[in-house]
Amino acid sequence: MPSPAGTVFEKPATLRARVEEFLRASIMDGRILGGERLREVELCDQLGISRSTLREALRTLEAERLITIEPHRGPTVVRITEKAARDLYALRGLLEGFAAHEFARLAGETDVARLRRSVDALHRQAKGGGKPALLAAKRDFYDVLLSGCDNDLIKDMLPGLLSRINLLRATSFARADRLPESLAEIDRIYERIEARDPQGAREAAQEHISRAERTALEVLRRQQEDTVKNKGALPGRTGSRKRAASGE
């Protein structure tokens with residue numbers, strides 16, 4: 001497996017947690033692609049860690065549904081299908097819409113001010129912080145939103161879901177005009193929360209998710225079409241198809 005470029009790895013005191021974050025960021029940023037195998041020996045050599053440390057980190061990523069670990073094959077990054085994307089966004093719409101509703105209804109002024117700062121940070125990163133910083137700012141926004149909605153079950157359920165959504169969130173940013181739209185939608189969520197309009201906040205959050213879903217599905221379909229075209233262009237593929245058509 002080629003080494004993920006553009007990432008600096010340092011050994012901290014909490015080594016396993018940093019291994020998790022390194023691999024998670026590499027997946028989210030597209031340096032390790034869906035369907036790609038994670039070769040343990042290569043990763044241990046690359047990061048200078050033991051196999052036991054790596055496997056502990058991999059178990060966390062497996063629990064987050066970012067990778068699958070199969071007998072005799074090892075860990076593989078999850079490939080998000082169109083159906084899986086639709087399922088994820090359907091659940092995300094329910095949970096995040098409720099979280100925005102409850103934040104607008106229950107959060108104190110300190111929480112609203114923290115949300116404002118997270119939105120401002122998101123805009124700053126969008127102006128040139130790069131994709132990793134942008135995704136980190138989006139995670140901070142959701143951390144504040146979840147902490148202020150005062151629902152422990154939502155706080156337990158949504159982060160795991162967002163880990164898988166991040167695979168699609170990174171994809172949805174691939175459309176050049178999506179980011180300004182996304183920021184405007186998040187501004188709308190904040191405006192409804194600041195106005196203490198729970199129903200308006202729910203609707204704004206669900207509209208944001210619906211638009212993100214449409215973009216992600218559009219990009220997924222385009223990627224699938226490119227994959228089919230690339231396979232068809234491989235040497236010998238035309239002959240293989242002709243033989244199949246003739247019953248050979």
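This is a predicted model: local features need pLDDT of at least 70, side-chain atom pairs count only at pLDDT 80 or more; totals for chains, interfaces and linings use all residues.
Which residues are linked in a network of salt bridges? R178, E181, E185, E207 and R211 are.

**Close-up 1. A salt-bridge network links R178, E181, E185, E207 and R211.** Two of its members, E185 and R211, form a salt bridge.

**Close-up 2. E185 pairs with R211 in a salt bridge.** Their closest N and O atoms are 3.8 Å apart. E185 sits in helix α8 (residues 178-194) and R211 in helix α9 (residues 198-232), so the pair ties together parts 26 residues apart in sequence. E185 is buried, at 10% relative accessible area. R211 is partly exposed, at 35%.

**Close-up 3. R24 and E21 form a salt bridge in helix α1.** The closest N and O atoms lie 2.9 Å apart. Helix α1 spans residues 15-28, and the two partners are 3 residues apart in it, so about one helical turn separates them. R24 has a relative accessible area of 16% and is therefore buried, the cut-off being under 20%. E21 is partly exposed, with 32%.

**Close-up 4. K155 and D152 form a salt bridge in helix α7.** Here the closest N and O atoms are 3.4 Å apart. Both residues belong to helix α7 (residues 152-172); they are 3 residues apart, which means a separation of about one helical turn. K155 counts as partly exposed at 31% relative accessibility. D152 reaches 52% and so counts as exposed, a class that requires over 50%.

Conventions. Residues are numbered from 1 along each chain as its sequence is written. Side-chain values use heavy atoms; hydrogens and water are left out. A salt bridge is a side-chain nitrogen of Lys or Arg within 4 Å of a carboxyl oxygen of Asp or Glu. Helices (H or I, at least four residues) and strands (E, at least two) are DSSP runs, numbered from the N terminus. Buried means under 20% relative accessible area, exposed over 50%, partly exposed in between (1.4 Å probe, protein chains only).
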